[in-house]
Amino acid sequence: MTKKGFLQNSNKEAFSLKRRELLRGAMITGATAYVPISLATPVSAKTKMQPSVPVFESADGEQTPLPTNSKIATDEKPSQIWGSDYMVDVLRGLGIDTVAMNPGSTFNGLHESVVNHAMVTEPRMDLITATHEEISVAFAHGYAKVTGKPMCAMLHSTVGLQHASMAIYNAWCDRVPVFLIVGAKLDSARRGYAVEWLHAVNDGAALVRDFLKWDDQPISLINYSESAVRAYKFSTTPPYGPVLLAVPAFLQKDPVAPDKVPDIPPLPTTTAPAGEPTAVKKAAEMIVAAEYPVIVADRLARTARGMDLLVELAELLQAPVIDAGGRMNFPWRHPLNQTFAQNDALAQTDLLLGLELTDFWGISKDRIPDTAKRISITTLDYYMKSNYQNFQRFTSVDLAIAADGEATLPSLIEHIRYLLSREKGNTRKKRGLELAADHKDALMRSREAAAVGWDNKPITTARLCAELYDKIREEDWALVSGTIFQQHWPQQLWDAKKHYQYMGDSGAYGLGYLPGASIGAAYAHKRAGRLPVAIGGDGDLMYAPGALWSAAHHKIPLLYIIHNNGGYHQETMLIQWTGVLRNRGMDRGQIGNVLTEPNIDFAALARSLGVHAEGPVTDPADLGPAIARAISIVKQGRPALIDVVAEGR
Amino acid sequence: MRHSAYLSAATILLLGLISVYGKGFAAGNVDRGRDIYINAGCGHCHGTYGQGGGNYGGAGPKLAPNPLDYEVIQLQIRTPMGIMPAYSPTLLSDQDIKDISAYLSSIPEGKKAREILILNR
């Protein structure tokens, strides 16, 4: 929270302006001679970004104020530059403005440069202190899904990267750009005592290479800068993905004479690959020829433009849309949104168009007629790795367009519009009216189902979601959690119209994602003055509760509601299911799956980490007022948590 | 989600069977039925109060209020359609099923959605 108050937009504008100025100044013509960024872009009131941790003021926590006469902060012509100073300037040149980290000795050169160079010179970097590398990466994951651009997570070699590995896998499966830097003690002659050997590895990235889009271990500053730009380019070209640079400690710590510092390579404008024109024309012909085309979108809308395009396509065709929920692809209350009437739509389709659909098999197997045509448009057709099986079950399609869905939609729409202009009659209008009625029926069914058990204990998941929406619907809200474990009640009951109001789930369904990702997303939303809310499981939070401390420390406004069902509900269900199949019963299915005896006091836990908290809330009548109180805290720029004892899912 | 076609088919079949079996009678213990319903894991898919798992697909269909007759419920439990596992008499006796049926029958209509202001935003 800044002193200006909760709802402010100036930071985002300042941030964008600053990046443009930086790129214009540093990269207007090819490779540009290196100038320390502190000199190239002097401090300006107009471009000053408000860091979430005050640099020269003591933050709540461990911040030690730097002396205001620090040479580091004011030296206009440094006689010596350290390798890591240059490295962080390269990051700033890429527009990376935030670093999340849990400290580690293999990157302390970089850490020191962030603190004493990048945080005190323009454009100022912000540093997020995380209590676990999994949180650092998840934070960057959530941040990227809101901003559309990567931030940096710095990791300790070996043990730090091992901690981070699951979060990297989540980002990989979720196709999210994350820029990772891991320290590397490569030179054995410069290693010291035993621990430095324990934390040294020749090829640390090998551990996670199966779910990195690209990695490198540069051994010179030129190598570093070129690889940084290459990594950024790969990371932000669809399909997005995490990238990693293993940066030797000697390269960070060795001094460099100012006149020997390498140039910073220019960052090209990256574009997304659109579908091959002939194939797109063919797809348009197939779609227009279909009697009842159905569109399914998963990780389609990388940007707000993607959602607008899907609306345009659907309205043009008056075709049903099923949002598989990997992103905010389609307005939740749009009449053509048939996500909650999808069985009917799928059963009568004669053409299924999958847009960045991860699991074509799951949506189509035994759900659409065998005679139905299938078209896929996805980047996964041209970029995939083989070891981890996140590519899902193979499904034959009639036309596979290896391209980015969002980038392909404009030409697809253009072709379809042309074909429709030559069509006589308009049967599509009638279909649209029927779909609108179906959508309304589905909404009514959802509301009736939500009313069942409305006043009962445990609180129903539907009521939890309805009460939350009631308190945020007049705000500029954003849901920063997935909804699968809440039976997608938000999509059933809420009205989301804007792309940033939902960002999908973890990607790999690796628990421990939400605590870090939600605060990363909330941090990004803070710059736009939005109200972020998350609904997460009790089991999920227990993987990484330290994220709450980071939220408190950095004053990240977020309402975090614990959907407390007393353990790992999905696994309880599966153990009981297996026990029934084996005729051994259900009674012992709780063993190993519940988090009771003692019940975890999440409110006390959150308060101990500096977060406003209430709960456990067990009476549905208490829920609305508790949410209202928590939101008043969030509006002051602070995180708040409510522990809600609710049904399983 | 991928199993929802099976579930829909099962639901349709169950609804159809009502006419075959006629109106049944659940002579069961409501409180015991609720405990069994919860402990047997019925609520995982069908909701704690039988409200069903929503409309997204994949979750269990709505069971209450106004549940199917005991005989139909028993048939589905013993020889289920879809992904629901079969519960043998060892795991759920006929009396257990009667109790579950009684619990489901006891779930009141409750408020209508239109009577709940915040459900109509």
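Lys281(A) is partly exposed in this predicted model, because its relative accessible area is 42%, a value between the cut-offs of 20% for buried and 50% for exposed. Glu285(A), at a relative accessible area of 33%, is partly exposed as well. The side chains of Glu285(A) and Lys281(A) meet in a salt bridge, with 3.0 Å from N to O. Both residues belong to helix α11 of chain A, which covers residues 277–289, and because they are four residues apart there, about one helical turn separates them. Side chains of opposite charge can pair when their charged atoms come close.

Other salt bridges join several residues at once. Asp470(A), Lys471(A), Arg473(A), Glu474(A) and Arg121(B) form one network through salt bridges that share partners. Over all chains, a search of the whole structure finds 32 salt bridges.

Asp174(A) and Arg327(A) are both buried.

The second pair is Lys185(A) with Glu196(A), where the salt bridge between the side chains has an N to O distance of 3.5 Å. Lys185(A) and Glu196(A) are both buried.

Now turn to chain B. Its secondary structure consists of five helices and zero strands, so named from the N terminus on as α-α-α-α-α. Of its 121 residues, 45% count as buried. When contacts in chain B between residues at least 6 apart in sequence are considered, 63% of them join residues at least 24 apart.

The average pLDDT of chain B is 79, and 75% of the residues score at least 70. Over residues 1–25 of chain B, however, pLDDT stays under 50. The model has 42 contacts beyond four places in sequence for that stretch. Where pLDDT is low, the predicted coordinates should not be read in detail. For the complex, the predictor gives an ipTM of 0.79 and a pTM of 0.88.

The next topic is the contact between the chains. Chain A brings 53 residues to the contact and chain B brings 41 residues. About 3,800 Å² is buried between chain A and chain B, and carbon and sulfur atoms give 55% of that area. On the side of chain A, Arg447(A), Val452(A) and Met586(A) lose the most area to chain B, and together they account for 14% of what that side buries.

Polar and charged groups also meet across the interface. The rule finds two salt bridges between chain A and chain B. One salt bridge joins the side chains of Asp455(A) and Lys111(B), at 3.2 Å from N to O. There are also 14 residue pairs in polar contact across the interface of chain A and chain B, both residues being at pLDDT 80 or more. Several helices give two or more residues to the side of chain A that touches chain B, among them α16 (427–451), α17 (461–472), α18 (489–493) and α22 (569–581) of chain A. By class, that side has 19 nonpolar, 17 polar and 17 charged residues.

Gln576(A) is in helix α22 of chain A, and it counts as buried because its relative accessibility is 3%. Beyond its neighbours within four places in sequence, Gln576(A) is in contact with Gly585(A), Met586(A), Gly589(A) and Gln590(A) in chain A, and with Asn39(B), Ala40(B), Gly41(B) and His44(B) in chain B.

Gln492(A) lies in helix α18 of chain A. With 3% relative accessibility, Gln492(A) also counts as buried. A polar atom of its side chain lies 3.0 Å from the backbone oxygen of Gln487(A).

Methods
Residues numbered from 1 in each chain as written. Chains lettered and ligands numbered in written order. Heavy atoms only, no water. pLDDT = per-residue confidence, 0-100. Contact = heavy atoms within 4.5 Å. Buried area = accessible area lost by both parts, 1.4 Å probe. Salt bridge = Lys/Arg side-chain N within 4 Å of Asp/Glu carboxyl O. Polar contact = N/O pair within 3.5 Å; in protein donor to acceptor, adjacent residues only side chain to side chain. Nonpolar A, V, L, I, M, F, W, Y, C, P; charged D, E, K, R; others polar. Buried < 20%, exposed > 50% of the residue type's maximum accessible area, 1.4 Å probe, protein only.
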